[in-house]
Amino acid sequence: MAIGDRLTLLTPDGKDPQPIEIERRFHNVGGWKHSPSWLRTTQPEIVWRNPFRAYYLDDEMIAVADCVQSLVRAIRENRPPEYARRRPG
């Protein structure tokens, strides 16, 4: 579950909530807009760097851009887009 900048997972036994804080960093694009630069969690440490940080895109626009980029790679490389791949299991 995610609310704002806090994720809540369950412990491995599935019984207790395990909160995870997310640190967000933004930077200016064009001198007046803020775009997400990266997100980081500490427990476990996971860092996501925005591949579109040079452009002003909000969270929803980043998700759409990532899907479009995946579709372009799929066409160029003659393979399924990443968002359409089935995960084993």
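Author: Helices (H or I, at least four residues) and strands (E, at least two) are DSSP runs, numbered from the N terminus. From that end, the elements of this chain run β-β-β-β-β-α. That comes to 1 helix and 5 strands. The model is predicted, with local features needing pLDDT of at least 70 and side-chain atom pairs pLDDT 80 or more, while totals for chains, interfaces and linings use all residues. Numbering starts from 1 along each chain as its sequence is written, and side-chain values use heavy atoms, without hydrogens or water.

Now the pocket (an open set of points on a 1 Å grid over the protein atoms alone, with protein on both sides within 12 Å along at least five of seven lines; lining residues have an atom within 4 Å of a point). The largest pocket has a volume of about 190 Å³ (the space filled by probe spheres set on the points, which are joined across faces, edges and corners). Its lining takes in Arg 24, Pro 36, Leu 39, Trp 48, Pro 51, Phe 52, Asp 59, Ile 62, Ala 63 and Asp 66. Two elements, β4 (33-42) and α1, each give two or more residues to this lining. Helix α1 gives the most, with 4 residues. By side-chain class, the lining has 7 nonpolar residues, 3 charged ones and no polar ones. Here Ala, Val, Leu, Ile, Met, Phe, Trp, Tyr, Cys and Pro count as nonpolar, Asp, Glu, Lys and Arg as charged, and the others, Gly among them, as polar.

Asp 59 lies in helix α1. Asp 59 counts as partly exposed because its relative accessibility is 42% (buried means under 20% relative accessible area, exposed over 50%, partly exposed in between; 1.4 Å probe, protein chains only). Another lining residue, Pro 36, is 23 residues from Asp 59 along the chain.

Next, follow the helix. Helix α1 spans residues 59-77, and Val 72 is found in it. Val 72 is partly exposed, since its relative accessible area is 34%. Asn 78 is placed in the segment after α1. Its phi is near 55°, a positive value in a residue other than glycine. Asn 78 is also exposed, because its relative accessible area reaches 72%.

Glu 77 and Arg 79 meet in one, at 2.7 Å from N to O. Glu 77 is partly exposed at 49% relative accessibility. Arg 79 is partly exposed too, with a relative accessible area of 22%. Arg 73 pairs with Glu 82, where the N to O distance is 3.2 Å. Arg 73 has a relative accessible area of 24%, so it is partly exposed. For Glu 82 the value is 42%, so this residue is partly exposed as well.

Elsewhere in the chain, Glu 23 forms a salt bridge with Arg 25. The closest N and O atoms of Glu 23 and Arg 25 are 2.6 Å apart. Glu 23 is partly exposed, at a relative accessible area of 24%. Arg 25 is partly exposed at 42%. Both belong to a network of salt bridges that links Glu 23, Arg 25, Arg 40 and Glu 45. A search of the whole structure finds 6 salt bridges.

Leu 9 sits in strand β2, which covers residues 6-10. Leu 9 counts as partly exposed because its relative accessibility is 41%. Leu 9 and Ile 20 are 11 residues apart along the chain, with 7.6 Å between their C-alpha atoms.

Last, the chain as a whole. The chain has 89 residues, and buried residues make up 18% of them.

Back to your question. Helix α1 is the top contributor to the lining, with its 4 residues. One of the lining residues is Asp 59, which is partly exposed at 42% relative accessibility. Trp 48 and Phe 52 are also among the lining residues.

Key. On a 1 Å grid over the protein atoms alone, a cavity is a set of points where a 1.4 Å probe fits but cannot get out, and a pocket is an open set with protein on both sides within 12 Å along at least five of seven lines; lining residues have an atom within 4 Å of a point. A salt bridge is a side-chain nitrogen of Lys or Arg within 4 Å of a carboxyl oxygen of Asp or Glu.
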